[in-house]
Structure formats: structure tokens, C-alpha cells
Amino acid sequence: RGNIAKIFGELITLIEDDPDQDRYVAYLNDSRIPNLRVNQEYARMSRDRAVEKSSREFLKTSLGNAHWLIDAVNQRKRTLLRVVRAVVDAQRDYFDYGPQALKPLPMTQVADQLGIHVATVSRAVSEKYIQTPRGVVPLRRFFTGGTHNESGEEVSWDAIKAALKDVIEAEDKAAPLSDEALAEALKARGLEIARRTVAKYREQLGIPAARLRKTF
């Protein structure tokens with residue numbers, strides 16, 4: 001598994017808009033992955049009785065390991081692409097409208113949908129990035145918990161953070177909003193969360209309190 005992780009590295013998956021089909025298409029940019037294949041001369045030597053038996057046995061073992069690695073890499077590629085396509089289907093609104101449209105998406109949901117273990121999903125998305133029409137983002141960002149807005153629609157925590165950041169960026173810098181006022185501003189957008197949650201998310205975003213944001 002360690003060798004497979006090194007082969008994949010920080011693999012970038014590409015997502016492109018297909019306006020003719022009104023959909024987003026995902027595919028792997030695997031140009032950085034070496035083209036793995038078995039050395040045919042070694043394969044021939046492993047079957048050649050003129051070659052010393054111990055050498056043939058060593059070659060057979062090594063070739064078996066090589067075939068396993070190639071199969072494992074191909075399987076990982078197929079799994080990653082299936083996971084990405086499931087993400088694209090679930091997060092269509094994100095690609096259409098941006099971070100504030102991100103929906104809750106537990107890994108268990110994708111695992112159940114694809115009929116694989118949740119640990120397989122976790123390994124597949126680890127240190128992977130997606131190049132989208134909205135920039136390059138970590139694949140893990142699309143897996144998040146969330147809540148419901150006043151309309152009963154699911155909203156991810158990351159979408160709420162994006163909305164919070166948007167409110168703060170638009171505030172009057174001479175009279176920045178308190179956490180209580182930020183909570184009210186989010187409520188006006190249909191996102192009702194507690195003041196202490198606003199403070200926690202603000203801190204996670206690296207945004208200082210109102211008194212420190214004030215400019216003169």
C-alpha cells in the first residue's frame with residue numbers, strides 16, 4: 001500500500017463542464033503515474049530451464065509482486081474515479097454556484113452507494129485534489145457533515161463557513177459585526193446557528209473578533 005501511495009502522490013482529478021450534455025465530466029489526470037509493465041525479458045527468463053533454478057524462482061516471485069502492484073494500481077484508479085463521479089453527482093450545486101452550495105456528504109454514504117468499505121473511500125481520497133472550474137480543491141473538502149436550513153434543505157458546515165466569510169467581507173469595516181450580529185445575518189440567509197458556533201467558525205477561518213476587525 002505504501003508503494004501505491006507513492007505512485008499516486010497528490011493525484012489531480014479533472015472535472016470539466018460539458019454544456020452540451022448539461023453535466024460535469026470527471027477523469028483522472030494520470031500523466032504523473034508511470035506506465036507500469038512487466039519486463040518481458042525477465043518473464044522469459046523465469047520460464048527458461050537453462051536459467052539456474054534459484055534465479056528462476058527469484059524472478060517468478062518478483063514478477064508475481066509486479067503483477068500484484070500493477071493490478072492494485074489499476075484497481076485504485078478505478079475506485080478513485082468511481083468515488084469522484086459519486087462526488088460530482090452529489091455536489092452538482094457546488095460546481096454550479098460555489099462553496100455556499102456545498103451539501104453534507106458523509107463518506108459512509110458514498111461507500112454504501114458504491115458497495116465498498118468506508119476505509120476504501122478514505123484511502124482513495126487521501127491527499128488527492130480536484131481541478132474544477134472553480135479552482136483546485138482537496139477531494140476531502142467535499143465530504144462534510146451539516147445541518148438543514150429554514151427551508152429544510154441540507155447545508156454543509158463548510159457552506160455555512162463560506163456564507164459567514166461572505167458576510168464578514170461585506171460588513172462595514174468601521175462598524176464590524178459582533179458574533180451575535182453575524183448569527184442574525186446568517187439567519188436572514190436561512191442559516192440559523194448559535195452565536196458560539198459563529199465564534200468557533202470565525203476562529204477556524206482565522207478571522208479576528210469584531211473589535212480587532214475595526215478600521216478607522
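This is a predicted model: local features need pLDDT of at least 70, side-chain atom pairs count only at pLDDT 80 or more; totals for chains, interfaces and linings use all residues.

Reader: What makes Glu127 count as exposed?

Author: Its relative accessibility is 53%. Exposed means over 50% relative accessible area, buried under 20%, partly exposed in between (1.4 Å probe, protein chains only). Glu127 therefore counts as exposed. Its place is in the loop between H6 and S3. Helices (H or I, at least four residues) and strands (E, at least two) are DSSP runs, numbered from the N terminus.

Reader: What is the mean pLDDT of the chain?

Author: The mean is 84, and 91% of the residues reach 70 or more. pLDDT is the predictor's confidence in each residue, from 0 to 100. Over residues 1-10 the pLDDT is below 50.

Reader: Why are H5 and H6 called roughly perpendicular?

Author: Helix H5 (residues 107-114) and helix H6 (residues 118-125) pack at an angle of about 110°. Angles of 65 to 115 degrees count as roughly perpendicular, under 35 as roughly parallel, over 145 as roughly antiparallel and the rest as oblique. The pair is therefore roughly perpendicular. The axes are 8 Å apart.

Reader: Which residues of H5 and H6 meet?

Author: Met107, Thr108, Val110 and Ala111 in H5 meet Val118, Val121, Ser122 and Val125 in H6. The contact residues divide into six nonpolar, two polar and no charged.

Reader: How do you know that Asp179 and Val84 are buried?

Author: Asp179, in helix H8 (residues 179-188), has 14% relative accessibility and therefore counts as buried. Val84, in helix H3 (residues 53-90), has a relative accessible area of 0%, so Val84 is buried too.

Reader: Which residues does Asp179 touch?

Author: Arg195, Val198, Ala199 and Arg202, not counting residues up to four places away in sequence. Contact means heavy atoms within 4.5 Å.

Reader: How do you know that S3 and S4 pair?

Author: Strands S3 (residues 129-132) and S4 (residues 135-138) share four bridges in the antiparallel sense. Two strands pair if DSSP finds at least two bridges between them, so S3 and S4 qualify. They form a hairpin with two residues between them. Tyr129 has Pro138 in S4 as its bridge partner.

Conventions
Residues are numbered from 1 along each chain as its sequence is written. Side-chain values use heavy atoms; hydrogens and water are left out. Axes are lines fitted to C-alpha atoms, for helices over the stretch in contact, and angles run from 0 to 180 degrees between N-to-C directions. Ala, Val, Leu, Ile, Met, Phe, Trp, Tyr, Cys and Pro count as nonpolar, Asp, Glu, Lys and Arg as charged, and the others, Gly among them, as polar.
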